[in-house]
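Hi everyone, thanks for making time this morning. I'd like to walk you through one structure, so let me put it on the screen.

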Amino acid sequence: MRLSKAYVPTLKEVPAEAEVVSHRLLLRGGFVRQLTRGVYTYLPLGLRAVNKVADIIRQEMDRAGAQEVLMPMVQPGDLWRETGRWEFYGRELLRFKDRLDRDFCLGPTHEEVVTDLVRGEVRSYRQLPLNLYQIQTKFRDEIRPRFGLMRGREFIMKDGYSFDRDDAGADASYHAMYDAYCAVFRRLGLEFRPVEADSGTIGGNFSHEFMVLAETGEDTIATCQACDYAANLEKAEVVAPVDRCDCGHDCPPPSEVPTPGAHTVEELCEFLGIEARSVVKTLLFDVDGKPVAALVRGDRELNEIKLKNLLDAKDVKLATPEQVTAWTGAPVGFAGPVGLKAPGIRIVADRELDFDCGWFVGANKAETHLKNVDLRRDVKIDAHADLRNITEADKCPRCGGAIRLRRGIEVGHVFKLGLKYSKAMNATFLDENGREQVMVMGCYGIGVSRIVAAAIEQNHDDDGIKFPPSIAPYEVSLLSLAGKDKDVAEAADKIYADLSAKGVEVLYDDRGERPGVKFKDADLLGMPMQLVLGGKGLKNGVVEAKDRRTGEKRELKLADFASEFDAWRRAVRQGWGLDI
């Protein structure tokens, strides 16, 4: 493509609405334009990048035995009522009525639609296993759409669904998709990790997220330095201490300590001159309409997903100040587990707290705390469990190795759904003995448009994007510095024609711009290989080649250009961990 003919409206200034690197560079490079909050138009370069990602996904899905379909984006509300998600999904589900006053929604995902499809067609065990996928536009009415393609309301997604006879078959389908996803991300040239994850609103009992590692990532993941263990912060297991406190009930009885103005752990520690590790935080929650107190050490962070899973709850939210006062008799900041007033309140504690005593806790009295609290002696705790976030001071739950916390961007998720949707929607088949059985399902998603943004978050510098070759809209940027020199223009035209003839995708900057403008645009747009031909190079019989990833430059002889280009191209791709 000649850049003089291409629709690539680059911007010199950083758009005010751009919050993260990928958003800024996608707007500046003319890849996308915002239509409204969280909704984008893909311009030619942006669409080419998205299509490159989609093509690789298709190839790996087809290789793994999945079959592509295309389901409607508009879905009837009755299907969502069958699974109970019409009310449960929340305001992210964009609902509307048609002219006959029937409920519909814009699909954020397609579990109900695909289950309805299969239950109407599949009757026999001989038709299973079945794995269907699509690449399609989704819509989720995000409360705070932000970060451009990273968290938009409308986005392009690959979603797939497997149907099996039994759990063993479902496990095989799951692992086939897991392996296919690993192949996809390796081919995309991205540094990634599959991590154990919570299944969230999709449901199911087992899942992995695929994270592109980037310092700007929204998610924190825990990775072991010694083994392959990796999990997101919501799921990462914390190993309980080994040495239990052996003081029995010899701790002094609790006593009150005046703590005026000490509403937070930090303020309490500063006031009393103690460490946060000697404090127990009492966090009050409204869990499905009932009061719950969750206890963690003062220097720890409670993990609400772990709490929700422990209680098998649908809705977990922090208590309001009014609820705190009603349940404790004190203002916010002085809640403690000793003598809570709320009828029927459940008290759960992180298991770390069962290994020590002599705690400082809130006294459920304004401006007051208790010291010398032994939770085993002074509090009736309903359950001990892993309720906190893992830290780098903790050990790997698999091998005991060192844990490292890294930032990542979720770009894929695979779930074992089990019978959640098939049972609710009566998706059954007849087994070998003619008995009716419920299909076992799996669900597999990849954020196609999000991958493009994540690739940029991982691969950029101050000058612009560094696209991996497999994602780049074009593999080569060819810059002609001809000016009025017809010989240079003709030589550049020949390089463009020769590369195009051998199937290399080239963005040919044949514009009449100054060299500086062309260099800046080439770095901004981020094609992995740059070729520059000017009068001096032509005179010396060479074209300058630059690897956008490393910045390394070399000269390719025009007399042996075909072979020298092929060798250089191979080296560039190998630098990304890709085959030619």
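Let me start with a question: leaving aside its neighbours within four places in sequence, which residues is Ile451 in contact with? Keep in mind as we go that this is a predicted model. The partners of Ile451 are Val53, Phe185, Leu188, Leu190, Val411, Ile446 and Ile471.

Some of those names come back when we look at the nonpolar cores. The largest one has 61 residues, and Ile451 is among those with the most contacts inside it, along with Phe185, Leu188 and Ile471. Helix α2, residues 44-63, gives this core its largest share, eight residues. There is also another core, lying apart from that one, with 26 residues, including Leu79, Leu93, Cys105 and Val113.

Let's stay with α2 for a moment. This helix has 20 residues, and from its first C-alpha to its last it reaches 28 Å, close to the 28 Å expected at 1.5 Å a residue. After the helix comes Gly65, with a positive phi, near 95°.

Now over to the sheet. Five strands make up an open sheet with mixed pairing, in the order β28-β27-β29-β30-β31. Why is one side of β28 and of β31 left without a neighbour in the sheet? Because these two strands stand at the edges, each with a single partner strand. From one strand to the next, the twist averages 25°.

With β27 it runs parallel, joined by six bridges; Leu479, for instance, has Val532 as its bridge partner, and Leu481 has Gly534. With β30, β29 pairs in the antiparallel sense over four bridges, and there Val532 has Glu544 as its bridge partner.

In a regular strand, side chains alternate between the two faces of the sheet. In β29, Met529, Leu531 and Leu533 point one way, while Gln530, Val532 and Gly534 point the other. Are these residues buried or exposed? All of them are buried, and with six of six buried, β29 is largely enclosed by the rest of the structure.

One last stop, for contrast: Thr320 sits in the loop between β16 and α9. Its relative accessibility is 34%, so Thr320 counts as partly exposed. Between Thr320 and Phe192 there are 40 Å, C-alpha to C-alpha, and they are 128 residues apart in sequence.

How values were computed
Residues numbered from 1 in each chain as written. Predicted model: local features only at pLDDT ≥ 70, side-chain atom pairs only at ≥ 80, totals over all residues. Heavy atoms only, no water. Core = buried A, V, L, I, M, F, W, Y, C linked by side-chain atoms within 4.5 Å. Buried < 20%, exposed > 50% of the residue type's maximum accessible area, 1.4 Å probe, protein only. Contact = heavy atoms within 4.5 Å. Expected span 1.5 Å × (residues − 1). Pairing = 2+ DSSP bridges. Axes fitted to C-alpha atoms, helices over the stretch in contact; angles between N-to-C directions.
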